[in-house]
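Let's take a walk through a protein model together, from its overall make-up down to single side chains. Have the sequence and the 3D view open as you read.

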Amino acid sequence: MGNKYALITGASEGLGKFLAMECARKGMNLVLVALPGSGLNHLRSYIIKTFFVNVVCIETDLSHEKNCYQLYEQVKECQISISVLTNNAGIGGTFPFGGKEAGYYTKVISLNVSTPTILCRLFLPDLKLNAPSFIMNVSSLAGILHLPHKQVYGATKSYLVSFSKTLRKELRRENVFVSVLCPGGMNTYWRLTMENRMMGTWISRQSVMEPSDVAAIGIKQMIKKKELIITGFWNRCFLFWNQLFPKTIKDGLMNYQMNKSKKKETLVPVLQPQLITLN
């Protein structure tokens, strides 16, 4: 692929790590971006030894706007041209709106909304030059289903769905294809894995996916130029039911889900010492 690279943000762990490996598996050179001290170089070494592609690591906090511009300059200094842009970095969380300070939500909006928008604009000339090229913005089912306790997070992910679909129409004639990936629950780290196994209804537990599977589906569908990528059978069912059921039924099911989760959430901390010992 020469000097053409796939740039992936939030690449050090969780979904971002597996997106990086999936791109490498398909022979793409990589620019991996993550927070300082997140172990990015370990992932770089593994990918180079396993997939024999070039990997450049850049550690920066993209929640600060100036760092987005610095990232772009660093990529240009390396004489790298981007043909795939995957905006995966983001901040999540599930809690009442009053549970966090206002400054926290400013950071969520900055990283989840401003950062992918700025990076799409900065790397747009590269993407046009390297056409056919790809943008994949990682959103969430929470951006479509309007889940309780995910108010700001869900709103930022709704922005990504709208932004991606509109940008896709604008860039399609220039062979720059924009996709938006909307995964549901994932086992991205050990504590969340325990919560996913213990909380909610049987159906909600069945819908949880491994990030490796989500990444494989996402990259495959992106290359196929699919607009909206929903991963997993049950997640597609949730979207169908969301369109089918009246608001009163949906609200009742959501309240049941939230109440059941609250009753079980105190069980998770009890298991933490055992899990730490096993690790």
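**The chain as a whole**

This is a predicted model, in which local features need pLDDT of at least 70 and side-chain atom pairs count only at pLDDT 80 or more, while totals for chains, interfaces and linings use all residues. Residues are numbered from 1 along each chain as its sequence is written, and side-chain values use heavy atoms, with hydrogens and water left out.

The protein chain holds 13 helices and seven strands. Both kinds of element are DSSP runs numbered from the N terminus, helices being H or I with at least four residues and strands E with at least two. Of the 279 residues in the chain, 47% are buried. Here buried means under 20% relative accessible area, exposed means over 50%, and partly exposed lies in between (1.4 Å probe, protein chains only). A contact means heavy atoms within 4.5 Å. Among contacts between residues at least 6 apart in sequence, 72% join residues at least 24 apart.

**Helix H1 and its two partners**

Two packed helices are described by the angle between their axes and the distance between the axes. The axes are lines fitted to C-alpha atoms, for helices over the stretch in contact, and the angles run from 0 to 180 degrees between N-to-C directions.

How does H1 lie relative to H10? Helix H1 (residues 14-25) packs on helix H10 (residues 211-223) at an angle of about 50 degrees, with the axes 8 Å apart. The two helices are therefore oblique to each other. On this scale, angles under 35 degrees are roughly parallel, over 145 roughly antiparallel, 65 to 115 roughly perpendicular, and the rest oblique. The crossing of H1 and H10 is right-handed, a term used when the near helix is turned clockwise from the far one by less than a right angle, with anticlockwise giving left-handed. On the H1 side, the contact is made by Gly14, Leu15, Phe18, Leu19, Glu22 and Cys23, and H10 brings Pro211, Ser212, Val214, Ala215, Ala216 and Ile219. By class, that contact has nine nonpolar, two polar and one charged residues. In this sorting, Ala, Val, Leu, Ile, Met, Phe, Trp, Tyr, Cys and Pro are nonpolar, Asp, Glu, Lys and Arg are charged, and the others, Gly among them, are polar.

H1 also packs with helix H2 (residues 40-51), at an angle of about 25 degrees and with axes 10 Å apart. That makes H1 roughly parallel to H2. This crossing, too, is right-handed. From H1, Lys17, Ala20, Met21, Ala24 and Arg25 meet Leu43, Tyr46, Ile47 and Phe51 of H2. The residues of this contact divide into seven nonpolar, no polar and two charged.

**Salt bridges**

How many salt bridges are there? The count comes to three, where a salt bridge is a side-chain nitrogen of Lys or Arg within 4 Å of a carboxyl oxygen of Asp or Glu.

| Pair | N to O distance |
|---|---|
| Glu22 and Arg25 | 2.8 Å |
| Lys76 and Asp126 | 2.7 Å |
| Lys128 and Glu174 | 3.4 Å |

Glu22 and Arg25 both lie in H1, three residues apart, about one turn of the helix. Glu22 is buried, with a relative accessible area of 11%.

Lys76 and Asp126 form a salt bridge: Lys76 lies in helix H3 and Asp126 in helix H5 (residues 124-129), so the pair ties together parts that are 50 residues apart in sequence. Lys76 is partly exposed at 28%, whereas Asp126 is buried at 7%.

Lys128 and Glu174 also meet in a salt bridge. Lys128 lies in H5 and Glu174 in the loop between helix H7 (151-171) and strand S6 (176-182), so this pair ties together parts 46 residues apart in sequence. Lys128 is partly exposed at 35% relative accessibility, and Glu174 is partly exposed with a relative accessible area of 35%.

Is Asn67 buried or exposed? Asn67, in helix H3 (residues 65-77), is buried with a relative accessible area of 10%. Leaving aside neighbours within four places in sequence, Asn67 is in contact with Thr60, Asp61 and Leu62.

Lys225 sits in the loop between H10 and strand S7 (228-230) and is partly exposed at 38%. Beyond its neighbours within four places in sequence, Lys225 is in contact with Phe134, Arg168, Phe177 and Ser179.

His146 is in the loop between helix H6 (142-145) and H7, and is exposed at 63%.
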